Amino acid sequence: MVAYSFKGGFVPLITYGEKRQTIRAFRARHAQPGEMLQLFTGMRTRHCRKIIPDVPCIGVDEIIMPAGCWYEGSYEPITVNGIPVMLDELEAFAIADGFRPGRQAINDGQRVVASRSARSAMATFWRLYHGPGRFEGVVIRWDPSGVLP
């Protein structure tokens with residue numbers, strides 16, 4: 001079993017099954033398909049709590065987000081397993097990652113992201129928390145119903 005921690009603003013989206021994936025940097029061990037995931041908020045603090053019951057991992061894919069992938073007019077595609085995520089697919093990808101158009105509290109209201117699209121909300125989040133550079137890691141997907149296919 002592998003555990004992942006999320007910022008407070010993502011908790012309702014995970015609870016209601018709207019956020020179904022997370023993007024993480026490479027590390028020694030990530031979940032594998034079929035393995036159960038534990039999803040927490042506030043890990044390594046006294047406020048740590050499990051968000052939902054354990055859910056099965058249904059996919060782990062490599063992702064590359066080039067430095068210019070979020071800037072209007074200079075779109076460099078994000079790739080998942082070497083396949084470009086086309087601009088028209090990026091909105092659905094951002095929604096699955098927990099982003100929405102409009103105002104969205106990301107970290108228990110400490111930071112609010114405002115945007116016209118889920119894609120631009122995700123872009124703002126990545127620039128705030130990860131900087132403008134290239135990112136390489138994995139997309140971990142889970143089944144919010146808790147049932148393996």
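Modeller: M43 has its place in the loop between β3 and β4 (49–50). Helices (H or I, at least four residues) and strands (E, at least two) are DSSP runs, numbered from the N terminus. The model is a predicted one, in which local features need pLDDT of at least 70 and side-chain atom pairs count only at pLDDT 80 or more, while totals for chains, interfaces and linings use all residues. Residues are numbered from 1 along each chain as its sequence is written, and side-chain values use heavy atoms, with hydrogens and water left out.

Biologist: Why does M43 count as partly exposed?

Modeller: Buried means under 20% relative accessible area, exposed means over 50%, and partly exposed lies in between (1.4 Å probe, protein chains only). M43 has a relative accessibility of 23%, and therefore counts as partly exposed.

Biologist: Which residues does M43 touch, not counting residues up to four places away in sequence?

Modeller: M43 touches A3, Y4, S5 and C48, where contact means heavy atoms within 4.5 Å. As for F6, its C-alpha is 8.3 Å from that of M43 in space, and the two are 37 residues apart in sequence.

Biologist: E35 lies in another loop, between β2 (21–25) and β3 (36–41). Why does E35 count as buried?

Modeller: The relative accessibility of E35 is 15%, so E35 falls on the buried side of the cut-off.

Biologist: What makes the approach of E35 and R29 a polar contact?

Modeller: A polar contact is a pair of N or O atoms within 3.5 Å; within protein, one must be able to donate a hydrogen and the other to accept it, and residues adjacent in sequence count only if both atoms are side-chain atoms. The side chains of E35 and R29 are joined at 2.3 Å. Leaving out residues up to four places away in sequence, E35 touches M1, V2, R29, H30, V55, P56 and C57.

Biologist: T79 belongs to strand β6 (residues 78–80), and P84 to strand β7 (residues 83–85). Why is T79 called buried, and why is P84 called partly exposed?

Modeller: T79 has a relative accessible area of 17%, and is therefore buried. For P84 the value is 36%, so P84 is partly exposed. Beyond neighbours within four places in sequence, T79 is in contact with E62, I63, I64 and P84, and P84 with P77, I78, T79 and E89.

Biologist: How do you know how α2 and α3 are oriented to each other?

Modeller: Two packed helices are described by the angle between their axes and the distance between the axes. Axes are lines fitted to C-alpha atoms, for helices over the stretch in contact, and angles run from 0 to 180 degrees between N-to-C directions. Helix α2 (residues 87–96) packs on helix α3 (residues 118–130) at about 70°, with the axes 8 Å apart. Angles under 35 degrees count as roughly parallel, over 145 as roughly antiparallel, 65 to 115 as roughly perpendicular and the rest as oblique. The two helices, α2 and α3, are therefore roughly perpendicular.

Biologist: Which residues of α2 and α3 meet?

Modeller: L87, L90, E91, F93, A94 and I95 of α2 meet A118, R119 and M122 of α3.

Biologist: How many helices and strands does the protein have, and what share of its residues is buried?

Modeller: The protein has three helices and ten strands, and 44% of its 149 residues are buried.
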